[in-house]
Amino acid sequence: MRNYSILLMMFFCLNAMAESVIDEVIWVVGDEAILRSEVEEERLRAQYEGQQIPGDPYCVIPEQMAVQKLFLHQAELDSVEANESSVSHQVDMRLNYYINQIGSKEKMEEYFRKPSSEIREEMMNTVRNQMIIQQMQAKLTSDIKPTPSDIRRYYNSLPMDSIPMMPAQVEVQILSFEPPVPVEETERVKQRLREFTERVQSGSADFSMLARLYSEDTESAKRGGELGFVGKGQLVPEFAEVAFNLNDPKRVSRIVQTEYGFHIIQLIEKKGERINCRHILLRPRISATDKIRAIQRLDSIRHQIMADSLQFEQAVIRYSEDKNTVMNTGLMINPTNGSSRFEYQDLAPEVAKQIYSLNEGDVSQPFVMMDQAKNREVCAIVRVKKKLDVHRANLSDDFQTIKSMLEQKLSAEFIHNWILKKQKTTFIQISPEWQGCDFEYPGWIHDK
C-alpha cells in the first residue's frame, strides 16, 4: 500500500514554502512528483529542438508528464522494460547530433552547463522511459486488429472529404552492381593509408587532423574522424572486429576493408560494451573505362529481358549485387514506411529520372547512380512494377493505408479511454496555481 498521506503532506509543505525555495512540487501522480524545474527544462529542450507546443507550455508539459507517469506505473506492474542496448544506441545518436550541431563535446557541456556524463545519464533516463511508454501503449492496443469487413465498413462510413488524396506513387525493381576496381587502384588507396599510419606513429601528424583533411566519411571527418560511443552491433562486422580489439590509443590499426572502402582506426576510449574511436576512410576510384564496361554488361542483360529470354526477377538473382533487394526479386523498399511504394521525391534522383516517363513493365536503359548508403557509384537498370497516378484512396489500391487509418483511430480512442479510467484510480494532486488549465484529459482534478 502506497503511503499517499506522506506524499500529500510533502506536497502541501513544499507548496507552502514555494516563495522561499527555487524549486517546488507542482503535481503529484501516484507516488511520483513533478517539479517546476522539470517543466522548465522540458520547455527549454522543446524550444531548442524547434518543437511546437500546442498551447500553454505550463499546462501542456506537466499534463504530458503526468500521462507518462500513468504509463510508466502500469509498465512497472506489467514488468515492461526497455532494451538497454537500444537505449544506449539512441542516446549515442542524440549526443553525436548535439555535438555535430554545437561544434564539440566541450561546447555542448558549456551550452547545457553540465558534464557530458550527466547529460548522457539524463538522456538515458528520458529515452528509456520513452521506449517503455511506447512498449506499454503497444501492449495495451495489441488486440486491436480490425477485420477486412471492419475496414470496409470504416471506409464506407467516411465522408468523401475525409478520404485522403493519395500522391502519385510507383513500385520499382532494381538490378545493380559495382564496376570492378583495378588492383592498381586498390593498392594506391592502401599505400596512402600506410603513409597516414607512419605519419601518426612517428609523431609527425595528428590522426584527427589527417581525418579532417582526407577522410571520405564526410560526417565523421568534421569531428576529426570521431564516431562517438557505439556498441559492437552498430558497426559493420569487419570494422567492429578490429576496433574492439584495439587497446592502445597511441597506435593505429591495420588497414580494414569493409563494404564502404578501406579504413584505419584509432582508439579513443572504451566504456564497457561501447567504444569511441576515430577512423579515416578512403575509397578506390572507378575509371571511366570500367563504368563503360559495366554499362555494356547491363545493356546486354536488358536486351535479354526485352527479348523475353530472361525474366527481370531471374536477372536480379543472377547478377545483382544489391544485398538489400536481391532476395526480394529487386523490389525496392521505402525506408520511411516499410512499404514498396515510393513518391517520386523519395527515390534516388537518378532512379526517379529514369522511371518518370516509363510505363508499367518497362525496363530503363542502364545508368550510373550513387549508392547513398555506401556513398559510391553503381551501375543499374530499373523496372517499373506498378504506377499509380494521384487519386482518392480506395480499397483496391490503398487497403493498407485505410487499415492503418482505422488502427490509429481505434488505438487513439482506446488510449484516451484508458487514461480517463486510470485517472480515477490514481492519487493525483495539483498545486492550486497550476489547476486553471484547459486539460486534454479533464479527470486530473478529482471531485472532493
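Visitor: Is Trp434 buried or exposed?

Guide: Trp434 is buried, with a relative accessible area of 8%; buried means under 20% relative accessible area, exposed over 50%, and partly exposed in between, with a 1.4 Å probe and protein chains only. By that scale Tyr58, at 33% relative accessibility, counts as partly exposed. The model is predicted, so local features need pLDDT of at least 70 and side-chain atom pairs count only at pLDDT 80 or more, while totals for chains, interfaces and linings use all residues. Residues are numbered from 1 along each chain as its sequence is written, and side-chain values use heavy atoms, with hydrogens and water left out.

Visitor: How many aromatic pairs does a search of the whole structure find?

Guide: A pair of aromatic rings is described by the distance of the centres and the angle of the planes. The search of the whole structure finds seven aromatic pairs (rings of Phe, Tyr and Trp, the last by its six-membered ring, with centres within 6.5 Å; planes under 30 degrees apart are stacked, over 60 edge-to-face, the rest tilted). One of them joins Tyr58 and Trp434 edge-to-face, at 6.2 Å centre to centre and 75° between the planes. This pair links distant parts of the chain, since Tyr58 belongs to helix α3 and Trp434 to the segment after β13, 376 residues apart (helices are DSSP runs of H or I with at least four residues, strands runs of E with at least two, numbered from the N terminus). Tyr344 and Tyr356 also pair edge-to-face, with 5.6 Å between centres and 70° between planes. Tyr344 lies in the loop between β9 (342-343) and α14 (349-355), and Tyr356 in the loop between α14 and β10 (367-371), so the pair ties together parts that are twelve residues apart in sequence. Tyr356 is exposed, with a relative accessible area of 61%.

Visitor: In what order do the three strands of the open sheet stand?

Guide: The order is β2-β1-β13, and the pairing is antiparallel (two strands pair if DSSP finds at least two bridges between them). The strands β2 (32-35) and β13 (428-430) stand at the edges with a single partner strand each, so one side of each is left without a neighbour in the sheet. From one strand to the next, the twist averages 20°. Helix α3 (residues 57-77) packs on the sheet, touching β1 and β2, and its direction makes about 30° with that of β1. Contact here means heavy atoms within 4.5 Å; axes are lines fitted to C-alpha atoms, for helices over the stretch in contact, and angles run from 0 to 180 degrees between N-to-C directions. Strand β1 (residues 25-29) pairs with β13 over three bridges, and Ile430 in β13 is the bridge partner of Trp27. Trp27 also forms one aromatic cluster with Phe439 and Trp444.

Visitor: Which residue has its side chain in polar contact with that of Ser220?

Guide: The partner is Asp217, at 2.9 Å (a polar contact is a pair of N or O atoms within 3.5 Å; within protein, one must be able to donate a hydrogen and the other to accept it, and residues adjacent in sequence count only if both atoms are side-chain atoms). Ser220, in helix α10 (residues 218-221), is buried, with a relative accessible area of 2%.
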